[in-house]
Structure formats: structure tokens, C-alpha cells
Amino acid sequence: MENIQHYYVNISAPNLVVICIDENDSEERTGRMYHCYSSEPRKFFSVVELIRIMEEFFDDIAYPQASTMTRYFQNTEKKENVRYCKELPEKVAEQKEIIGYRGKKGTLITYVQFRQNSDWQGQISWPEKKRVCRFGSTLEFVKILSEV
């Protein structure tokens, strides 16, 4: 097992996500996302899809809690704040296990600390480059992804 000390990321965080980039062209990234509540990866075929998958994951585990509720353009019934009432998923793997996954083009170990003002704030560790980046918005997160 690799030395987890050099990642400088909170591996005890319940919402730790490992993003494995398998393909990248000039415009899009595709790959897999791992977290400790599923034994199967979630595949994504665009950065927008990855953000949607991560947002759903954070809502499912209610961490970090969003400071605002998502609005929809479609006419949908008003959803009550269900995420705080439903049962939280059980862990199926430890964070130390999931940080071992690697993408063909790159790997980003991601910890979103806050979801404030409809945006994300957190930290990314890029093991292949031994680099750690902080991001203060979802746009900054996307810019870091574009470097991989």
C-alpha cells in the first residue's frame, strides 16, 4: 500500500471521492468515480456528468450539507427536505482502500469540505504529480480537472 501521508488530504472524510481519469481529449474527461459507500465505480462521460454524480452523492450522505436547495426549471412537485429524513447508506469500503484506485491518465483524490452559496469548496490531491490544490468554487474544481 502506498504511503497515504503525502496526499495531504483528509482521508477520514465521509465524502472522500477518488476520480480516475481514463480518457481525455481537448474538451472532455471520462472515467470512474469511487467512494466508500459503493463497491462499484460510477462512470462519467463528461465533467458536467461528474459534477452531477458528485452532487447526488453528497445529497445521499448529507455531507457536506448544502447551504441552498437545488432549483429546477421543470414543473416538479415541491420536494421536502427528504435527504435529512432518509437513512444514510452504509460504508462498504474504507477510505484507505479507495485511494488505491488509479486512472489511466490521472487520479484526483477529492475532498469537498463545504457546499456554500451553491458552490463547492475543498481540496484535491493529485498523486501522480505529488501536488495538492485547494478550490474555492466549482469552476476552480473544473479548471483543476482540465489540467489532468
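Analyst: The model is predicted.

User: Which ring does Tyr37 pair with in a tilted arrangement, with centres 6.0 Å apart?

Analyst: By the ring-centre rule there are 6 aromatic pairs. In one of them the planes stand at 50°, between the limits of 30 and 60 degrees, so the pair is tilted. The partner of Tyr37 in this pair is Phe57.

User: Where in the chain do Tyr37 and Phe57 lie, and how many residues apart are they?

Analyst: Tyr37 belongs to the loop between S2 and strand S3 (42-44), whereas Phe57 is in helix H1. The pair thus links distant parts of the chain, and the separation is 20 residues.

User: Is Phe57 buried or exposed, and how far apart are the ring centres of Phe57 and Phe58?

Analyst: Phe57 has a relative accessible area of 5%, so Phe57 is buried. Phe58 is buried as well. The planes of Phe57 and Phe58 meet at 50°, so this pair is tilted too, and the centres are 5.7 Å apart.

User: Which residues form the aromatic cluster?

Analyst: Tyr37 and Phe57 make a pair, and Phe57 also pairs with Phe58. These three residues belong to one aromatic cluster, whose other members complete the list: Tyr37, Phe57, Phe58, Trp120, Phe135 and Phe141.

User: Why do the buried residues of H3 lie on the same side of the helix?

Analyst: In helix H3 (residues 138-147), the buried residues are Thr138, Phe141, Ile144 and Leu145. They share one side of H3 because the arc they cover around the axis is only 115°. In general, an α-helix has 3.6 residues a turn, so residues three or four places apart point the same way. The arc asked about is 115°.

User: What covers the buried residues of H3, and which exposed residues are on the face turned away?

Analyst: The cover includes helix H1 (47-61) and the strands S1 (17-24), S2 (29-34), S4 (106-116), S5 (119-126) and S6 (131-135). The face turned away from the buried side carries the exposed residues Leu139 and Lys143.

User: Which backbone nitrogen does the side chain of Gln121 reach?

Analyst: Gln121 lies in strand S5 and is buried, with a relative accessible area of 16%. Beyond four places in sequence, the contacts of Gln121 include Val112, Phe114, Gln116 and Phe135. At 3.4 Å, the side chain of Gln121 reaches the backbone nitrogen of Gln116.

How values were computed: Residues are numbered from 1 along each chain as its sequence is written. This is a predicted model: local features need pLDDT of at least 70, side-chain atom pairs count only at pLDDT 80 or more; totals for chains, interfaces and linings use all residues. Side-chain values use heavy atoms; hydrogens and water are left out. Buried means under 20% relative accessible area, exposed over 50%, partly exposed in between (1.4 Å probe, protein chains only). Helices (H or I, at least four residues) and strands (E, at least two) are DSSP runs, numbered from the N terminus. The arc is that of the directions from the helix axis to the C-beta atoms. Contact means heavy atoms within 4.5 Å. A polar contact is a pair of N or O atoms within 3.5 Å; within protein, one must be able to donate a hydrogen and the other to accept it, and residues adjacent in sequence count only if both atoms are side-chain atoms. Rings of Phe, Tyr and Trp (its six-membered ring) pair if their centres lie within 6.5 Å; planes under 30 degrees apart count as stacked, over 60 as edge-to-face and the rest as tilted.
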